[in-house]
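Reader: I'd like to go through the labels on this one and hear what stands behind each of them. Can you take me through it?

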Amino acid sequence: MGHFRVDLRDIKFVMFEQCRLQDLLGRGPFAAYDRDTMSMMIDEAERFAREVLAPLNEASDRVGATFSDGKVTMPEGFKEAFRSYGEAGWISLAGDPEYGGMGAPVMLEAATGELFEVGCLSFNLTRLLSSGAANLIRSFGTDEQKQTYMGRMYSGQWTGTMCLTEAGAGTDVGASRATATPEGDHYLIEGEKVFITSGEHDLAENIIHAVLARIPGSPEGTRGLSLFIVPKFRCDSAGTLGEANNVHALRIEEKMGIHGSPTCVMGYGQDGPCHGYLLGEQGGGMKQMFQMMNEARLMVGMEGAAIGNAAYLQAKAYSAERIQGRDATRRKEGRVAIIEHPDVRRMLLWQKSHAEGIRALGYYTALLVDRAHVLEAEGDAEGAAAAHSIVGVLTPIIKAYGSDIGFLVADSALQCHGGYGYTSEYPAEQFVRDVRISRIYEGANGIQALDLVGRKLGLNGGADARLCLEALGAMAAEARDAGLGEIADAVAAALASVARVATGFGAAEDRLQPLLGAYGFLELMGQAAVGALLAQQAVLATKALLEISESRGIEAADEAALRKLAQDDDETAFYWGKVMNARFFSAHVLSLCPARAEQLLSTDRSVMDVVF
Ligand SMILES: Cc1cc2nc3c(=O)[nH]c(=O)nc-3n(C[C@H](O)[C@H](O)[C@H](O)COP(=O)(O)OP(=O)(O)OC[C@H]3O[C@@H](n4cnc5c(N)ncnc54)[C@H](O)[C@@H]3O)c2cc1C
């Protein structure tokens, strides 16, 4: 069945049973949407991902995008698929309806994005950048810029990029050297950017680059950077294409994974004048670019969820088929499938609980973005601000913890395949290679941790972080009320560990302490957040299992009977799995959080004392 495995049941469970997206539908910006429409769109995205994208995935990995004479040729089938992708409206799903977008909730974009990423991760990146760049123009562009670019980018007729990185300016974006010199109604852009995703390709007739560059005389650092629209072909306001704009791909990178995504070194103005048009405020480039980066950070975290979940499902299927060894419990005769072995089961439940947990974290973050939009439209500025605050805190966590876990799940899934996992006969190794990038781009994960500890924890005097912990704490309380005391205790202890470390960092005399502990703190908070969301799922599952028990005449407390039923009944198995996720995560992950807090507050300075 190839690599395409998705669990639509879980996707819809998180959207509608856990996050209750339907409570926001029919309101404000989502007036045109209801639960049935959302559900049908998920089904349609799954069909598109399975029928159109999944068949491209393996070949795109083997052949990849190729470069010759300044031109990039995308893998076979990408062009046709991209056309139908744009026509179906998938690029502009959450885009502004005034410019041809579909105005759907961000949660739907996250969920459909997950399906497309499983279909073919490298194909999906052009969409991500196009909608992100179009949204930048929506927020900061003039009316003419919006009219010229947005609709064409939403439809896929043109695509977009984000151009920050230079050879000497990666994390340190402020060191960028690209320049923008005023000339009449435009600027002349000169310089080189590296690692530009979809910087050049043959999918669309024009490419609209969002480029950070410095106007001569601007201050050093990020404060001196402005943002420019730099089209591959110049165009008039009616969108009629004119001359080439001297934007060229100089080469593409040979990479570990996502071979179908061209990662380009781009030259601007090297063979003639390259026109750029100021987008937004002079000197406000970096601040504006953060809008696109924050949107992308959620989606990159979701790449971890997408590939992690697909890799887990693949490992589960393989483990049920592969026969090796005998049953350690002696309940089964003869040689058994490896899924019977405790150590393989440990790997699979580790994968399942983590992969489903980061999916929930991503959707929950998206829900808060959508809630903020609805509340803003309804005039509830305070409610909207609260939702925004929690999103701000969760964004570095979903980006970094989501992508770290996505990779680790894919790695563990490969391990379940033994030696076959290391070969190209199974998709396990491609999952590992493809998802590895998510930990690096959109701000390497170490930088996300510094953002969380150095900026987000202190926002509004710590009130944003407190709001986030309160929201997660309410989930622990729900679990307690539902009789899931052990799980509730574990979540509460994990959240208390987070609060303890945050307070400790705030009071630290040694200013290096928060820097040394930032990564561990982000992991700790990721674990606490996922633990809370898994507890919330367990509450819903417990209620559902109670109803199932009643309808089948099973004693509510008879877990053995429920487990037996779960072997033959998919619904029971689904909810039983949710309870097992929360139990496992509490016992094996959350139980270690208090000790982790202790370690993060320790005075060990070997990291700084070591001589490398
Ligand atoms: C496949 C791919 C696609 C990409 N797509 C795009 C794109 O479309 N547009 C774009 O602009 N860029 C893109 N990038 C670039 C990507 O965002 C950068 O690679 C990333 O931001 C890191 O920059 P760098 O590679 O220069 O690493 P460096 O900045 O050299 O960092 C190396 C390591 O040092 C750490 N580090 C650096 N500075 C600090 C610090 N101050 N404190 C603590 N740790 C630090 C980092 O966390 C990292 O682990 C892409 C990269 C790849 C590989």
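Reader: In the hairpin of strand 8 and strand 9, which residue takes a positive phi?

Author: Quick note before we start: this is a predicted model. The residue is Gly-239, with a phi near 85 degrees, and the hairpin has five residues between the strands.

Reader: What makes strand 8 and strand 9 a pair?

Author: Two strands pair if DSSP finds at least two bridges between them. Strand 8 (residues 233-235) and strand 9 (residues 241-244) have two bridges, in the antiparallel sense, so by that cut-off they pair. Phe-233, for instance, stands opposite Ala-244 in strand 9.

Reader: Which sense does the pairing of strand 5 and strand 12 have, and over how many bridges?

Author: Antiparallel, over two bridges, between strand 5 (residues 186-197) and strand 12 (residues 275-278). Tyr-187 has Gly-276 of strand 12 opposite. Strand 12 also pairs with strand 7 (residues 225-231), again antiparallel and over two bridges. There, Ile-229 has Tyr-277 of strand 12 as its bridge partner.

Reader: On to helices. Why are helix 4 and helix 7 called oblique?

Author: Their axes cross at roughly 45 degrees and come within 9 Å. Roughly parallel needs an angle under 35 degrees, and roughly perpendicular starts at 65. The angle falls between those, so helix 4 and helix 7 are oblique to each other. The crossing is right-handed.

Reader: Which residues of helix 4 meet helix 7?

Author: Val-106, Glu-109, Ala-110, Glu-114, Glu-117 and Val-118. On the helix 7 side, the residues include Leu-298, Met-302, Glu-303 and Asn-309. The contact of helix 4 with helix 7 divides into 10 nonpolar, one polar and four charged residues.

Reader: And what makes helix 13 and helix 17 roughly parallel?

Author: Helix 13 (residues 485-507) and helix 17 (residues 593-600) pack at an angle of about 10 degrees, axes 8 Å apart. The cut-off for roughly parallel is under 35 degrees, so the label holds for helix 13 and helix 17. Among the residues that meet are Arg-500 and Phe-505 in helix 13, and Pro-594 and Glu-598 in helix 17. That contact has eight nonpolar residues, one polar and two charged.

Reader: How do you know that helix 1 and helix 2 are roughly antiparallel?

Author: The angle again: helix 1 (residues 8-18) and helix 2 (residues 35-62) have axes that cross at roughly 150 degrees and come within 11 Å. Over 145 counts as roughly antiparallel, so helix 1 and helix 2 get that name. Their crossing is right-handed. Leu-8, Ile-11, Lys-12, Met-15 and Phe-16 in helix 1 meet residues of helix 2 including Met-38, Ile-42 and Asp-43.

Reader: Last topic, rings. How many aromatic pairs does the structure hold?

Author: There are 16 aromatic pairs. One of them is Phe-78 with Phe-123, centres 5.2 Å apart and planes at 75 degrees.

Reader: Why is the pair of Phe-78 and Phe-123 called edge-to-face?

Author: Centres have to lie within 6.5 Å to pair, and planes over 60 degrees apart count as edge-to-face. With 5.2 Å and 75 degrees, Phe-78 and Phe-123 meet both, so the pair is edge-to-face. Phe-78 sits in helix 3 (residues 78-87) and Phe-123 in helix 5 (residues 121-140), so the pair ties together parts that are 45 residues apart in sequence.

Key:
Residues numbered from 1 in each chain as written. Predicted model: local features only at pLDDT ≥ 70, side-chain atom pairs only at ≥ 80, totals over all residues. Heavy atoms only, no water. Axes fitted to C-alpha atoms, helices over the stretch in contact; angles between N-to-C directions. Helix = DSSP H or I, 4+ residues; strand = E, 2+ residues; numbered from the N terminus. Parallel < 35°, antiparallel > 145°, perpendicular 65-115°, else oblique. Left-handed = near helix turned anticlockwise from the far one by under 90°. Contact = heavy atoms within 4.5 Å. Nonpolar A, V, L, I, M, F, W, Y, C, P; charged D, E, K, R; others polar. Phe/Tyr/Trp six-rings, centres within 6.5 Å; stacked < 30°, edge-to-face > 60°.
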